[in-house]
Amino acid sequence: RPSPSPARSRPAPDNGGSADSCRVRVAVRLRPKNSEELAHGADFDNCVELQPESKRLKLKKNNWNCESYRFDEVFSENASQKRVYEVVAKPVVESVLEGYNGTVMAYGQTGTGKTYTVGRLGKDDPSERGIMVRALEHILSSMSFETDCIAISYLQLYLESVQDLLAPEKTNIPIVEDAKTGEVSLPGAAIVEIKDLEHAFQLLQIGEANRHAANTKMNTESSRSHAILIIHLQRSSRIKGENCRSLSNDTLDIFPDNLPLVLKSKLLIVDLAGSERIDKSGSEGHMIEEAKFINLSLSSLGKCINALAENSPHIPIRDSKLTRILRDSFGGTARTSLVVTIGPSSRHCSETSSTIMFGQRAMKVVNTIKLKEE
Ligand code: ADP
């Protein structure tokens, strides 16, 4: 193992001395009206009013008996993908480049823009690119191929089964937690080293196609599964030597063990399943199964966030695979940023309200950002 280096005792990055510097950051993003909402006019009246200057959002309840909520940022329907990346994800990616773990996650009702925000490829229109592509672009342009290495795993969590979107024959991938460090790994999941942005696009496209194919086979929608992109970054002060090892299945360890400084970090980018409650009445078979498991994973995430927000001694992290995978993201050592997505229509006011409450509670979670000890 590399011996401890001065870099490992560096303070958390970019804290600016403020007390809440390790708090989970939460932004809200409003989707523009879709054609149905535009066509129906007053029927689909706005249920929210944004006040970007004060970073507040007013939620219309009975007759504009408004409740107002403050977030770290409030994005209107005109906010660009670039701006959302810069505010929500860029600080996390910068931490990851310094060796810290990070998480960027989208939460919200189906159809409110989670995949648009996080997973949009925008291959031919760079202005459309979502957080996954922009984060990869940012890391690729900031690292040195002589000394550093970047690889990705792309997974889907569906019905409490972790499936590999880069190697779809791999299903039921186990989640393993290191008892000493708490580090979570997914042995067996493909870790593919990335050469350049074009290669990253190819892999994301393969992942997207496999997600679509898997969901078609299961007769379900992609919004019923959680998509998780893991970017593994390894940075060294030394030039890669001849005795580099190739990537093994579950570890990214291409440098000889005796190097003085090797920083390994992970960035999780998560597109969660739709947070709406699934109506079980009239549903049969797999629909009931889906409802049970999505409700299980998102409600256990909500319970962990509540417990962390209240400083409860018991955090029910083991209740679902989602919370086990996100162990480092909430109450752990990662820098975490969450974007909650909402639609404008008053038809979905109660879902919008529960998304907003989820975001408000997540803002109370404080992580301890630190470098992982080897
Ligand atoms: P979700 O992933 O939450 O189910 P999507 O990302 O699929 O939702 O978005 C639903 C639709 O709305 C898509 O057609 C998407 O392109 C569009 N959309 C969402 N957010 C925006 C936005 N900010 N600007 C333009 N179109 C958007």
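Which residue takes a positive phi in the hairpin of β2 and β3? K55 does, with a value near 55°. Four residues lie between the two strands of this hairpin. The model is predicted.

**Strand β3 and its neighbours**

Strand β2 covers residues 48–51. β2 and β3 run antiparallel, joined by four bridges. On the other pairing, β3 meets strand β4, residues 67–70. Here too the strands run antiparallel, and four bridges join them.

R56 has a place in both pairings. Q51 stands opposite R56. In β4, R70 stands opposite R56.

L159 is not a glycine, yet its phi is positive. N172 is not a glycine either, and its phi is positive. The table gives their places and values.

| Residue | Phi | Loop between | Relative accessibility |
|---|---|---|---|
| L159 | about 50° | β7 (149–158) and β8 (161–164) | 30% |
| N172 | about 50° | β8 and β9 (176–177) | 55% |

Why does L159 count as partly exposed? Its relative accessibility is 30%, so it falls between the cut-offs of 20% and 50%. N172 counts as exposed because its relative accessibility, 55%, is over 50%.

Technical notes. Residues are numbered from 1 along each chain as its sequence is written. This is a predicted model: local features need pLDDT of at least 70, side-chain atom pairs count only at pLDDT 80 or more; totals for chains, interfaces and linings use all residues. Side-chain values use heavy atoms; hydrogens and water are left out. Two strands pair if DSSP finds at least two bridges between them. Buried means under 20% relative accessible area, exposed over 50%, partly exposed in between (1.4 Å probe, protein chains only).
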